[in-house]
Amino acid sequence: MPERAVVFDLFHTLVDTEHLRPPGYHYTWAIAELLEIEPEPFRRFWDRTYHERATTPIDLVELVERYLEPTDRTLDERERHEIDVCLGIAKDD
């Protein structure tokens, strides 16, 4: 049967998933803790990339790697997976 309608949710317009996150959870802080880096500089970097993240298709794990480039640090597969989990975390109700 052909579709009769398509619904677009333009970034929290119809469904706001933020209430699903545990209270006080901030993924930038969780990623900083995971990688053992200073959280505040990483949060500032993340804030500066808001426009890019909101307007272009970008792999967010690769964005974390971009932050780490000046340190010559690379992410292993476990870290890449854990960052992905941090970015998508929601409460298990």
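Me: How many residues does helix α5 have, and how far does it reach?
Reply: In this predicted model, α5 runs over residues 77-88, which is 12 residues, and it spans 17 Å from its first C-alpha to its last, close to the 16 Å expected at 1.5 Å a residue.

Me: Which residues in α5 are buried?
Reply: Glu79, Ile83, Cys86 and Leu87 are buried, and because they cover an arc of only 95 degrees around the axis, they lie on the same side of α5. The face turned away from that buried side carries the exposed residues Glu77 and Gly88.

Me: And what covers the buried ones?
Reply: The cover includes α1 (27-35), α2 (39-48) and α4 (60-68).

Me: What happens at the start of α5?
Reply: There, a side-chain oxygen of aspartate 76 comes to within 3.1 Å of the backbone nitrogen of arginine 78.

Me: Switching to the largest nonpolar core, which residues touch the most other members?
Reply: The core has 17 residues, and those with the most contacts to other members are Ile31, Leu35, Phe42, Trp46, Val64, Leu75 and Ile83. The elements giving two or more residues to this core are α1, α2, α4 and α5.

Me: What does valine 64 touch?
Reply: Leaving aside residues up to four places away in sequence, valine 64 touches Ile31, Leu35, Phe42, Trp46, Leu75 and Ile83.

Me: Last topic, what is the average pLDDT?
Reply: The protein averages 85, with 81% of the residues scoring at least 70. Where pLDDT is low, the predicted coordinates should not be read in detail.

Notes: Residues are numbered from 1 along each chain as its sequence is written. This is a predicted model: local features need pLDDT of at least 70, side-chain atom pairs count only at pLDDT 80 or more; totals for chains, interfaces and linings use all residues. Side-chain values use heavy atoms; hydrogens and water are left out. Helices (H or I, at least four residues) and strands (E, at least two) are DSSP runs, numbered from the N terminus. The expected span of a helix is 1.5 Å times one less than its number of residues. Buried means under 20% relative accessible area, exposed over 50%, partly exposed in between (1.4 Å probe, protein chains only). The arc is that of the directions from the helix axis to the C-beta atoms. Contact means heavy atoms within 4.5 Å. A polar contact is a pair of N or O atoms within 3.5 Å; within protein, one must be able to donate a hydrogen and the other to accept it, and residues adjacent in sequence count only if both atoms are side-chain atoms. pLDDT is the predictor's confidence in each residue, from 0 to 100. A nonpolar core is a set of buried Ala, Val, Leu, Ile, Met, Phe, Trp, Tyr and Cys residues joined through side-chain atoms within 4.5 Å.
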